[in-house]
Amino acid sequence: MSPNHADIDPYTPEMGYYECVQCGARETSTSRLHRCRSCDGSMHNISVPRE
Ligand SMILES: [Zn+2]
């Protein structure tokens, strides 16, 4: 795989932040992530504002 994110706007409001519950790897995605790309663990959405 060779990801090419050249045309992804970093300020896209729908961008979600996910953290792997197994290895702690963080990924950003505009679509739902369910599996870690590194270890295939479960991804947890961490983009919910903590206020
Ligand atoms: Zn992982």
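This is a predicted model: local features need pLDDT of at least 70, side-chain atom pairs count only at pLDDT 80 or more; totals for chains, interfaces and linings use all residues.
View 1. Apart from neighbours within four places in sequence, Met15 is in contact with Thr28 and Thr30. For the pair Met15 and Thr30, the C-alpha to C-alpha distance is 4.5 Å, at a separation of 15 residues in sequence.

**View 2. The hairpin of S1 and S2.** Strands S1 and S2 pair in the antiparallel sense, and four bridges are found between them. In this pairing, Glu19 stands opposite Arg26 in S2. Five residues lie between the two strands of the hairpin, and Gly24 takes a positive phi near 80 degrees there. Strands of a sheet pair through backbone hydrogen bonds, in either a parallel or an antiparallel arrangement.

**View 3. The three-stranded sheet.** The sheet is open and antiparallel, with its three strands in the order S2-S1-S3. S2 and S3 stand at the edges and have a single partner strand each, so one side of each is left without a neighbour in the sheet. From one strand to the next, the twist averages 35 degrees.

**View 4. Asp40 in the loop between S2 and S3.** Asp40 is found in the loop that runs between strand S2 (26-29) and strand S3 (43-45). Its phi is near 70 degrees, a positive value in a residue other than glycine. Most residues other than glycine have a negative phi. Is Asp40 buried or exposed? Asp40 counts as exposed because it has 11 C-beta neighbours inside 10 Å, and the cut-off for exposed is 12 or fewer.

**View 5. The whole chain, for orientation.** The secondary structure of the protein comes to three strands and zero helices, and the pattern along the sequence reads β-β-β. Of the 51 residues in the protein, 8% are buried. Among contacts between residues at least 6 apart in sequence, 23% join residues at least 24 apart.

Terms used:
Residues are numbered from 1 along each chain as its sequence is written. A residue is buried if 20 or more other C-beta atoms lie within 10 Å of its own, exposed if 12 or fewer, and partly exposed in between; C-beta atoms are placed from the backbone. Two residues are in contact if their C-beta atoms, placed from the backbone, lie within 7 Å. Two strands pair if DSSP finds at least two bridges between them. Axes are lines fitted to C-alpha atoms, for helices over the stretch in contact, and angles run from 0 to 180 degrees between N-to-C directions.
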